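I'll walk you through one protein today, starting with the overall picture and then going into a sheet and a core.

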Amino acid sequence: MRKSEKEFTEQNLFNIKKLFYDKLALNEPPTVTRSDSLFYPPVLYPSAQTKKSMNKRKRYRKAIYIPVTAALSLCLVTGAAASVGIIDLSTVLHFLGADRIGILQPVHQVSEDQGIRMEVIGAVRDGDTTEIYVSLSDLTGHRIDDTLDVYDYRVTGGNANNAQIIHYDDANKTAIVRFLIQGKVSKNRITVQINTLMSGTSRQDGYNVQVNWEQLLQEKQNNNYDILDQDRISGLGGQTDIQLETDPIPVLHQDVTNIPVSGIDWMHISNMGFVNDKLHIQINPDNKIGEYNHGYFYFTDEQGQKLDIPEYSVSYGHYMKGQVRFGGDYIEYVYDLSSVDQLDKLRLQGSFTSISEVVQGNWKTTFNLSQNALSKKGNIQLDANGASQANVTLSAVGVTLTGEALSKIRVEDLSIEVHLKDGTKLSGASGFLQLDQDLIKWISPKTIPVNDVSYLLINGEKVTLQDR
């Protein structure tokens, strides 16, 4: 073979690599925004199934001719990459089935901030649902663990979303998070942005709160209280028929007491008393970490049995962080207990989730993601009275239920079977997610061969499917 007389330059290499990615319908290698980016070479991700599908597509395309010199250089490029350890989707997402990996489009887009590396590994879009797999690893410490919570994030497109850790690699301190985005996306351009990560989460039930009810409450049978302005209320929950827009909401004066809760250092009981024949317990969380932690108090009898006492809670107040005003630093728990006598034989306990690490930053990547539009449709009546009518959409990723009354359906009560034409079936009593009031998604543990599906059974009811 005759040696080329032209000098091979870095620009030649760039053009070859770009051609290679373009022709194989892969994303162009990202630019890692680090001064030491040589430690993160471009990663190629074609798995065995992906290679097979690409070969099939190439049969129907116009032949691609690459000059001999360029082809040799391309071999040198891929060979060099192999020497530093190329990984593919089947390696990174080894806990997924090969069929699921086969429908994912490799992405490999990286963003780093605060010493934490975010990489969008692969994704698939089945029409109404976008499924994105993201790895998060700590380059400088141990802030990523198996309790990771992606607290504040945004993914473009869709009207409902969910982020959930699905795998943790303890050896590499790396978590894999699956983002689910529901809703039609008008463009193929997707942006994933994370602003806050939380980890070190621990939940403990049975915190004992040492309270001398007689001493604290005997003289406070009828407390002075405030009526909250509507703009001070940031949350209301529990068993209550209070209408925020019209009903007055009474709360105790703030910071009258300082009662610690053993084992919890991020909050204290700041007041306690009776208002309108109900017991109020007010806490004041620490502004820095307390805003992320959460929990509740409950009562037990002398034998430690939890009592079902109607209660509700209201979050309110304001605090300053820098020059910004935030709301909701006080929480008041209200119980259907009207006197000290009722408390004599009761014990106050708590169930709280505490977080040790909160990392704020800006992790953001944008990538192209084409649509897999193959799907089938049907409908179902989820109750005997016909009140919960739902439209059903089957795709390779799973099954989507949409309907006005789906907020009344408990996802724990749903079951599904996907029956294939060859007599086999996929089934699941779990995997359902309530993504919105009128939207429930079932994520199949295996990729669904849509064209081979005969019908569905949802809660035992047959769903006949038609091509979309």
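**A walk through the model**

So, the protein has 6 helices and 29 strands. Keep in mind that this is a predicted model. There are 468 residues, and 44% of them count as buried. The exposed surface comes to about 25,200 Å², with carbon and sulfur atoms supplying 46% of that. As for contacts, take the pairs at least 6 apart in sequence: 68% of those join residues at least 24 apart.

Looking at S1 and S2, where S2 is 116–125, you get 7 bridges between them.

Next, the largest nonpolar core. It has 28 residues, and the ones touching the most other members are Trp 213, Leu 279, Phe 297 and Phe 299. Several elements give two or more residues to it, among them helix H6 (213–217) and strands S14 (278–285) and S15 (294–300). Which strand gives the most? That's S13, with 6 residues.

Let's zoom in on Leu 279. Leaving aside neighbours within four places in sequence, its contacts include Trp 213, Leu 217, Met 272, Phe 299 and Tyr 333. Leu 337 and Leu 343 are also among the contacts of Leu 279.

Okay, over to you.

How values were computed:
Residues are numbered from 1 along each chain as its sequence is written. This is a predicted model: local features need pLDDT of at least 70, side-chain atom pairs count only at pLDDT 80 or more; totals for chains, interfaces and linings use all residues. Side-chain values use heavy atoms; hydrogens and water are left out. Helices (H or I, at least four residues) and strands (E, at least two) are DSSP runs, numbered from the N terminus. Buried means under 20% relative accessible area, exposed over 50%, partly exposed in between (1.4 Å probe, protein chains only). Contact means heavy atoms within 4.5 Å. Accessible areas come from the Shrake-Rupley method with a 1.4 Å probe; for residues, only the protein chains shown count as cover. Two strands pair if DSSP finds at least two bridges between them. A nonpolar core is a set of buried Ala, Val, Leu, Ile, Met, Phe, Trp, Tyr and Cys residues joined through side-chain atoms within 4.5 Å.
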